[in-house]
Amino acid sequence: MGRKMEWAGKANHLAGLPRKTVITAVGTFAKAVAVLLNSTSIHNADTLLNLVRSRPPGVPLITVSNHMSTLDDPVMWGFKGFPTCNAGLQRWVLAAEDICFKNTVLSYFFRLGKCIPITRGGGIYQEHMTEALERLSDGEWLHTFPEGKVCQEDEPIRRLKWGTPSLIARAPVTPIVLPIIHHGFEKVMPENYIFGRRPPVPLWNKDIKIIVGEPIEFDIAKLKQTAIITSRNSSSFSKEGWPPLGALDEVAQRYIYIDISERIRSVMENLRVIVNKPKV
């Protein structure tokens, strides 16, 4: 559908009323699931709140988290004190095209909810990644699930997809990158509840734990220089015809994406270990 319903995601679409309506409704649902139906605890919430509300003008924010259920977003933003129903402050999020954009009604709804369609397996230069870059260029907040898919097992953070690192490296202004790890959503919305299916509604009386890390700083200029030097003596990657990124050819791009993704994965894994530590 080419830039699938991008017009519906614009803030001025019908004076912003449809967006405000959807985000208020979804935000209310998220609050109900996180605060009323379940017990949600969050560590270091102020760091997230400060970056959402008052980061430097023009500086984009990328939050990254593990992906334990189809409810992670929006319910992870439903904790007490978060402006979940504020359409202006709410995140943009990369959403699976084959799930959230299957038909016109769903496409319109998720567009109003500030979702950007991504084709899983479609590569880092697919059409709507350009749209995500545009939102970052506007200084917006973007959330991604860099593992790429739901995993409900208590396992180490898997190798991250390169979509998020490519956005960090390609953004005109280097985003603030904030890692978040959560645990408990796999109990609220288990994938195999009845006959291998999810429950029709979220489950309740579960404990949800969220840990917000500290911002990860990337010196992109330095990383690019290192990638260029490293790539000169390497021919280990098969090429897919990526366009150059400034002075970075495809091999150099792969090195910088590996570097960024491994650093993020390492921080996320450290947070995962903390969130799973039993209380003494």
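**Exercise 1. Determine how many helices and strands the chain has, and describe its overall dimensions.**

*Solution.* Step 1: the secondary structure consists of 10 helices and seven strands; helices (H or I, at least four residues) and strands (E, at least two) are DSSP runs, numbered from the N terminus. The model is predicted, so local features need pLDDT of at least 70 and side-chain atom pairs count only at pLDDT 80 or more, while totals for chains, interfaces and linings use all residues. Residues are numbered from 1 along each chain as its sequence is written, and side-chain values use heavy atoms, with hydrogens and water left out.

Step 1: along the principal axes, the C-alpha atoms fill a box of roughly 55 × 55 × 40 Å.

Step 2: a compact globule of 280 residues would have a radius of gyration near 19 Å, and the chain agrees, with 19 Å. The radius is taken over C-alpha atoms, and the globule rule is 2.2 Å times the number of residues to the power 0.38.

Step 3: buried residues account for 52% of the 280 residues. Buried means under 20% relative accessible area, exposed over 50%, and partly exposed in between (1.4 Å probe, protein chains only).

**Exercise 2. Explain why the buried residues of H9 line one face of the helix.**

*Solution.* Step 1: helix H9 (residues 220-232) has 13 residues and reaches 18 Å from its first C-alpha to its last, close to the 18 Å expected at 1.5 Å a residue. The expected span is 1.5 Å times one less than the number of residues.

Step 1: Ile220, Leu223, Ala227, Ile228 and Ser231 are the buried residues of H9. Viewed down the axis of H9, these buried residues fall within an arc of 140 degrees, so they line one face of the helix. The arc is that of the directions from the helix axis to the C-beta atoms.

Step 2: an α-helix has 3.6 residues a turn, so residues three or four places apart point the same way.

Step 3: the face turned away from the buried side of H9 carries the exposed residues Ala221, Lys222 and Arg232. The buried residues of H9 pack against helix H7 (163-170) and helix H10 (250-275), where contact means heavy atoms within 4.5 Å.

**Exercise 3. Identify which residues have the most contacts inside the largest nonpolar core, and which element gives the most to this core.**

*Solution.* Step 1: the largest nonpolar core has 39 residues, and Leu167, Phe218, Ile260 and Ile264 have the most contacts inside it. A nonpolar core is a set of buried Ala, Val, Leu, Ile, Met, Phe, Trp, Tyr and Cys residues joined through side-chain atoms within 4.5 Å.

Step 1: the elements that each supply at least two residues of this core include H7, H9 and H10. H10 gives the most, with eight residues.

Step 2: a second, separate core of 25 residues includes Val33, Ala34, Phe185 and Ile208.

**Exercise 4. State whether Leu94 is buried or exposed, and list what it touches.**

*Solution.* Step 1: Leu94 belongs to strand S3 and is buried, with a relative accessible area of 18%.

Step 1: neighbours within four places in sequence aside, Leu94 is in contact with Ile116, Ile118, Ala132, Leu142, His143, Thr144 and Leu167.
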